[in-house]
Amino acid sequence: MASPAEDLSHVDLITPERWEERVLHDEFALLRHEDPVHWHPESAPNHGFWAITKHEDVVAVSKNPQVFSSGEGLTMLEEVEPESLEKRRSLIDSDAPLHQHLRRVVSPLFTPKAINAHEAFARATAASLLDAAVAQGEFDWVLDVAEPLPITVLLNILGVPPADAEQMITLSNQMIAIDDPDYAPDYDSLPPGIDPKDLPFGSPASYHVFEYGRQIGEERRSHPTDDLVSRLIHSEVDGDRLTELEYCNMFQILILAGNETTRTTLTHGMGAFIDNPDQLALLRERPELMGAAVEEIIRWATPVLYMRRTALSDTELRGKQIAEGDKVVMWYMSANYDEAVFDDPHAFDITRDPNPHLGFGGGGPHFCLGAWLARLQIRVLLEELLRRDLQLESNGPVRRVRSNFVNGVKSMPVRVAR
Ligand code: HEM
């Protein structure tokens, strides 16, 4: 095999415009084959990173937080000064014991039992969105169904007024897809003295979500209800409550993580059924495949392209010497199409079993908190779709988000198939 450094220098996993065009499956297949733990350069001020592309290695890194830290740097590619890191620190950018503490505050609110209590609301929301969209005949799957469903459900759980859904979607977009000109944040909206680099994603939108969360939190501090914000404010773990900064960071991450990822999954899932009508017909015939279909949709969509860790000590992976301080990037998108684990990975197959996808992470301590909530929403939407005997077809080009972090879609025009 020729030297990977020469052969693979053209591989670029990070220019956002490339992701806007397509998922970089060809590049990942090449890396998995030629250099699965690949040193990927970056332009200054960043220093480059190890691209981890095999399923087995993503799991190994995820499950070894003693070496691969979430708190030493961000979980995104961006490199920031320690002071900014401290201000931005949330559940996802922390290690034990802080991570365990924060996680114990929120975990009881996201168990299958706690989440299933929201099924009736999620189903009614899915049903009314589908009915309103279908009545138009032609509509945008993202704008009319996939975007409003998760935010409506999430705000209901949090106890945030539904009228503010639009504002939360706009702010989420401006956090997650800061490279996309359609979602450019408004830097002038920051009050004097607030530096964007101290904010999650370096985005002013994070400040506004913080402030929004802070105000709701203040209200619930004096007038608690049984919503999730009240519980976050009043829950005690080992005699401690969340500090104000911890609460605001938690609110911000829930708004973001609970909204954008599920929207993306619902969109790629519908796209897959449009391209593979036999799979929808199969699900209609065999509703017992619903659980497997939901997992295949998550694998197929892989809404979060990667998470980063930072090496706390020198270590070795697949013969590569990883130095203390190196960035290690786990590409879930590559792992979920690893032919060593998934037969015919580019086939959308709702009977795939087992389906050990890493869409929710590689199984370490940061495994997605909202996995049950996401699964619930995918399932009820599909059930409502099947109940209406709906088959959709494409009605125009899909527009992807310009981002190397999320597999987002801005627009997917569809129409009801006759
Ligand atoms: C299909 C939808 C979703 C996908 C694909 C997804 C994916 C992920 C991934 C890949 C991680 C990082 C795992 C790791 O680092 O090991 C994560 C973490 C997280 N997710 Fe999700 N997510 C989804 C939905 C949700 C929802 C609905 C919520 C909540 C309302 C949520 C909240 C979180 C939180 C709070 C974390 C950080 C957990 C921690 O650091 O302990 N996610 N998610």
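Some ground rules. This is a predicted model, where local features need pLDDT of at least 70 and side-chain atom pairs count only at pLDDT 80 or more, while totals for chains, interfaces and linings use all residues. Residues are numbered from 1 along each chain as its sequence is written, and side-chain values use heavy atoms, with hydrogens and water left out.

I start with the ligand. Around the ligand there are 27 residues, and those that come nearest are His 99, Arg 103, Arg 309, His 366 and Cys 368; near means that a heavy atom of the residue lies within 4 Å.

Now the iron. Its single donor from the protein is SG of Cys 368, 2.3 Å away. Donors are N, O and S atoms within 2.8 Å of the metal (3.2 Å for Na, K and Ca), and water is not among the atoms, so sites may look incomplete. Cys 368 is found in the loop between helix 18 (332-335) and helix 19. Helices (H or I, at least four residues) and strands (E, at least two) are DSSP runs, numbered from the N terminus.

What supplies the shell? Helix 6 (98-106), helix 15 (260-275), strand 5 (306-311) and helix 19 (371-387) each give at least two residues. Helix 15 has the largest share, three residues.

Five strands form an open sheet in the order 1-2-8-5-3, with mixed pairing. Strand 1 (37-40) and strand 3 (68-69) are at the edges with a single partner strand each, so one side of each has no neighbour in the sheet. Strands pair if DSSP finds at least two bridges between them. Strand 3 and strand 5 run antiparallel and are joined by two bridges; Ser 69 has Thr 310 of strand 5 as its bridge partner.

Last, some backbone details. Most residues other than glycine have a negative phi, and most peptide bonds are trans. Which bonds are cis here? Another runs from Asp 353 to Pro 354, with omega near 0°; Pro 354 is in the loop between helix 18 and helix 19. Thr 302 has a positive phi, near 35°, and sits in the loop between helix 17 (290-301) and strand 5.
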